[in-house]
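Hi there,

Here is the structure I promised to pass on to you. Have a look at it first, and my notes follow below.

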Amino acid sequence: MQCALYDAGRCRSCQWLEQPVSQQLAAKMADLQQLLSSSTVEEWCAPVSGPETGFRNKAKMVVSGSVEKPLLGMLHRDGTPEDLCDCPLYPASFAPVFTALKPFIARAGLTPYNVARKRGELKYLLLTESQLDGGMMLRFVLRSDAKLEQLRAALPSLQSQLPQLKVISVNIQPVHMAIMEGEQEIFLTDQQALAERFNDVPLWIRPQSFFQTNPTVASELYATARDWVRALPVQHMWDLFCGVGGFGLHCATPEMQLTGIEISAEAIACAKESAAELGLQNLHFQALDSTQFATDQGSVPELVLVNPPRRGIGNTLCDYLSDMAPPFIIYSSCNAQSMAKDFSHLPDYRVARVQLFDMFPHTAHYEVLTLLIRR
């Protein structure tokens, strides 16, 4: 991938950009194999990768500069702003949106937030695109609601210019910290969720609900989990840390009983809407803490699928699973270090299958899917 920002030394977020993708994959596989070296892995599946450029469905842009000349991108550690509208990780469809947003910021009087002075209103712009129909969700992250009515008044011109903006909202983040969003979300459109579809499975994207940023590789990840699950003698499963239900919705059959647990109520609303659209009656999604839900149960299903945040599932859930002994565990991880640590607390399980998914090309990060079988 060629990147003028990288070549000019203006952005080094893609630390591995100078390495061929084949070399990147080899290095990630070596890292994963080293992390799992204390386990006997029965089957190493070939790694899955996707496009090198234009693969992201989401842009998280720090807004800086002035209201007349805003910059959309990031702040370096010394506070220097960098405009990233030309980042080649974004699809070409993002460019006209960024171009239109810069003069719109001035028309709406949305003064970019100045970190050093703790002044201004507009902190971030968050843009997400659906691969289903090209519809987009745009979120303005503001320090307060002081400019909300000005934004509403200016919005019709932006909507006429960019009809692909299906969902538009304002998030209020009043804290002077590098926190992406606050608790309060104010919708400026009637539509409040973006429709998406992976592998003929309907999914929904709402503000404040996590959704994978690499649709091509995420689709392969979900399809692989589906294939693994359907090859097992499983009629009842848990999908813990389920997010918008991507894994559970792919794995479920009309006969299977499935419970999905996720702390985010917004994500659970998405999962429930997808389940209703599929007409699956035995899927039950609840907004709860996954560890608390599991450890409050007196029994477990045949399969527990976990997709935790970077910290992993932790000792409490590992100890519970060891005691309750479900026959199968499928572990999806965005941090193989914490996953390997969790495996050390699951000594009664053998690592039957491992597959790496290169969700984040040009960086050291990757996702991994593992099938554990009770000894």
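Where is Asn199 found? The answer is the loop between strand E8 (194-198) and strand E9 (201-205). Please keep in mind that this is a predicted model. I picked out Asn199 for its backbone: its phi is near 55 degrees, a positive value in a residue other than glycine. Asn199 counts as partly exposed, because its relative accessibility is 35%.

Is His362 buried or exposed? His362 is buried, because its relative accessible area is 1%, under the 20% cut-off.

Now for the whole chain. The protein chain has ten helices and 16 strands. Its radius of gyration is 22 Å, close to the 21 Å that the globule rule gives for 375 residues, so the chain is as compact as a globular protein of that length. Along the principal axes, the C-alpha atoms fill a box of roughly 65 × 45 × 35 Å. Of the 375 residues, 55% count as buried. The accessible surface comes to about 16300 Å², and carbon and sulfur atoms account for 49% of it.

Best wishes

Technical notes:
Residues numbered from 1 in each chain as written. Predicted model: local features only at pLDDT ≥ 70, side-chain atom pairs only at ≥ 80, totals over all residues. Heavy atoms only, no water. Helix = DSSP H or I, 4+ residues; strand = E, 2+ residues; numbered from the N terminus. Buried < 20%, exposed > 50% of the residue type's maximum accessible area, 1.4 Å probe, protein only. Rg over C-alpha atoms; globule rule 2.2 N^0.38 Å. Areas by Shrake-Rupley, 256 points an atom, 1.4 Å probe, with all protein chains shown as cover.
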